[in-house]
Amino acid sequence: MGRLIYLLCVVVIAATPAPTHAHHEPQSPKPAKPKHFLYDPAEVEVPPARRGSPDAYDSDLEQYRDQWWLAYLEFTPGKGDRVHVAVADGPDEATTVIAPTGRFRRPTLTRVGEELWLTYESFDVTVETWRVQLVCYRRTGDRFEWQPGGSVTPHTISAVDHAIAADPSGGAWLVWQQAVAGQYDVFACRIDAAGQAAEAELVSTNPAAGDWNPSVAVTVGGKVCVAWDTFRCDGFDIVVRWRDVAWLPPRLLAATAAFEGRARVVASTTSEAAWIAWEEGAPNWGQPYRGKWTQWNEITDEVGPLHRYRRVRLAQVNAIGQRRDTAPLPMPSFALAELRPDRRSAATQLGAFYERPELAVDHHDQPWVFFRHYYHPQSASTAPVIHHIEEGWRVQARRLDGDHWSSLYECSNGDSATNQRDGAQRLAVASAAGDGVACAFSVGRTDRRNDPHRRGLAWATLPSKRGSAPVLSEPIDLPLDTATTPPRTTTTRTVAGKTYQLVRGDLHRHTDLSLCFPFYDGSLDDVYRYAIEVAQHDFLGVTDHARDIAQGNEQAQLWWRTTKEVTRHHMPGHFHPFYSYERSRGETDHNVISLYDNLLRPHTTPHASFWQQLDADTLMIPHATFAPPSRPINPVTWRKVNDDVRPLVEIFQGCRDHSVEDDAHEGLNRGHHIGFIASSDHLSTKASYACAWVEQLDRTTIFRALQARRTFGATAPLSVAFHLGDHWMGERVVSDDPLEFTFAVQSPTPIARVTLIRDGRPVESRRLRSAASSFEGKLSAAPVLDRESWFYLHVETSDGQEAWSSPIWVR
């Protein structure tokens, strides 16, 4: 019976009668639904209009003087972004360029009294920080014009992910996230009617917790409500804080085991309350998970990659610390997922995605929730997961009407032409001064396929009508946010009179920009959140495939967007992302890690030819492309030696849950001097660590430690030091004496054994007789005669974790 019901539901989705269309515009016949992705059938389709060139993106909109205005970025290859503002339904050439070419992000329009304000984030290359800029469209004499503005956030510290809300008494409140001592905090300031910013005020209160994605609203009475998500040891939670005369204590709006983030807050138009929508994901977000090579069908609701399923929640909050819930937003794909006949027993929700909510309150004080949606049925199947498929999200919306929700609206022509195609594409909404709401969003994709759909911007207006007043639950008192987060610790070691600090990172991490697993890997924002907060990395290389970044086109908008995220998340002295990508070729795959952003190239160039274009600030790392019984690393990898360009090999990969010691031994025996790291690739989390010992904590020094092979790979956050006298792992040593290697290991779990490997064979092994989380000692080997030998340390723990130091070469 369950199978029959499921099949009937799928038939209903695939053969839903043509929906009604807002404004009664004629529509072409609806094409067949994608084979691997399903969408909730909309009762009302709203065909969006298009604006700008294919390189227009990152848009916002606002109604001003009875017209809808759009602000967006227009990318020019080889130059960068320009900030554009235009009347949405005006001609494309009728735009105002607010800012000359540069690195910009998040242009945002806000109606403030009789003026239109534009805020946007701008990168200052001289001090390498992001700041929020403000310009105002106001009357000058007998006409309106854009007047020059300036920065409204500090000049010396990056301010990103800003939001702004008009104050009914004049001016506006601005919020943003700002890096402080290695994690993000939320700040706010009031901007007066003249555009002058007051001193910034710290809003978040937990000094050791990372705070992300702030949103702000101001009620009709002038109360300020700020919501954001904060990372605790077990995941992200939603925090809300009010300001009346002064800031009130922060309270936890949502703090379950699930991922809870990306809150959006909008003030009620009739009371001193605020509406908050947020995204809820799977529990154990970012916690230890390893892939199942060729299958990837062991993922459950509880354990798996970053992007398993997402829900949208809505509630109303007030300044006295109470929450009132609405009727749940209909999300029928979850019922469909549970009915799937061939699903795995622990996979009742996988593949259903309702995410990135945006919120508007119309003239009747009825909240509209916009979101992105698709359902990926095979995520929960017992069969191997089909990969290298992608269709994107539909932009959909519902309006709360009393104790129920309106018909489902969809901003599309009934096909995928206006789907959002990666998780970092922006969706923005706004309410009209009279009736209706509107949305603007980026569409399209540039990956290895020849996608027929045009990239660019789309926008649409949705009519509203008076309904019933929202029916809410009884108020629930929100707990105060009193949780504390333990501070991070550092590990140091002194060798030859110099003190080194241990740093950990990941140099092979994909997002949904890569075509391989876009439904599992998560967005750029997901990956940076994971790296900074959950894995507590010190460095990161996001390595999406060159062929999925416009076929390796360095002048493409997608590469520009990717490099902007590197600059936005760089926290000097704490977190250091590299410019990076993956070159996937027929003979083998390599990751390219660089200090600079100008080395993206097509993957078709042979590696040896590509090496000629590189200098000392770029390196390459080969990794497994298969798993046993095949050879994980193609033997052709070792035909050409270039230790300067290729100083490392990925000895363990979480996606394939497999080490490549034998392959690494082959490379070493053929004369390569390669150190070891571990990395994630796709899907896996907290299962692979690239580790290095550095003299100081900055991006260049970390890079030089990678080049020096002062590294080790690990499947858990272990500490491994391995040296011969004053010589670190990774070095080449000349010695005629008997060899005595020093090691020091620390592990979160008891250490089981350490083994000294010489030229691919175990020489000496030490097994611990009692459980201990630290182990130091010496291992001996006979002197090396007539040739160069290589030695490294292999560590095993009682719970199956491993680590591999880089070799030391002795002649």
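This is a predicted model: local features need pLDDT of at least 70, side-chain atom pairs count only at pLDDT 80 or more; totals for chains, interfaces and linings use all residues.
Colleague: Which strands does helix 4 (residues 524-534) lie across, and at what angle does it run to strand 16?

Modeller: Helix 4 lies across strand 16, strand 17 and strand 18, and it runs at about 115° to strand 16. Helices (H or I, at least four residues) and strands (E, at least two) are DSSP runs, numbered from the N terminus. Contact means heavy atoms within 4.5 Å, while axes are lines fitted to C-alpha atoms, for helices over the stretch in contact, with angles running from 0 to 180 degrees between N-to-C directions. Residues are numbered from 1 along each chain as its sequence is written, and side-chain values use heavy atoms, with hydrogens and water left out.

Colleague: In what order do the four strands of the open sheet stand, and what is the pairing?

Modeller: Two strands pair if DSSP finds at least two bridges between them. Here the order is 16-17-18-19 and the pairing is antiparallel. Strand 16 (211-218) and strand 19 (251-254) are the edge strands, each pairing on one side only. Direction ignored, neighbouring strands of this sheet are turned by 30° against each other on average.

Colleague: How many bridges join strand 16 to strand 17, and which residue stands opposite Ala217?

Modeller: Strand 16 and strand 17 run antiparallel and are joined by six bridges, and within strand 17 the residue opposite Ala217 is Cys225. These two strands form a hairpin with five residues between them, and Gly222 in the turn has a positive phi of about 95°. Further along, strand 17 (residues 224-232) pairs with strand 18 (residues 235-243) in the antiparallel sense over nine bridges, where Arg232 has Gly235 of strand 18 as its bridge partner.

Colleague: Is strand 16 mostly covered or uncovered?

Modeller: Buried means under 20% relative accessible area, exposed means over 50%, and partly exposed lies in between (1.4 Å probe, protein chains only). Strand 16 is mostly covered, since eight of its eight residues are buried.

Colleague: Which residues is Val220 in contact with, leaving aside its neighbours within four places in sequence?

Modeller: Val220 lies in the loop between strand 16 and strand 17, and its contacts, with those neighbours left aside, are Pro168, Ser268, Thr269, Ser271 and Glu272.

Colleague: How should I check the length of helix 5 (residues 557-569)?

Modeller: The expected span of a helix is 1.5 Å times one less than its number of residues. The 13 residues of helix 5 should therefore span 18 Å, and its end C-alpha atoms are 19 Å apart, which agrees.

Colleague: Where does Gln551 lie, and is its phi positive or negative?

Modeller: Gln551 lies in the loop between strand 35 (539-542) and helix 5, and its phi is positive, about 55°, although Gln551 is not a glycine. With a relative accessible area of 37%, Gln551 is partly exposed.

Colleague: Which residues lie nearest the centre of the second largest pocket?

Modeller: That pocket holds about 1200 Å³ of space and is lined by 43 residues, of which Arg488, Thr489, Arg504, Ala535 and Gln536 lie nearest its centre. Strand 17, strand 34 (498-509) and helix 4 each supply at least two residues of the lining.

Methods: On a 1 Å grid over the protein atoms alone, a cavity is a set of points where a 1.4 Å probe fits but cannot get out, and a pocket is an open set with protein on both sides within 12 Å along at least five of seven lines; lining residues have an atom within 4 Å of a point. Grid points are joined across faces, edges and corners, and a volume is the space filled by probe spheres set on the points.
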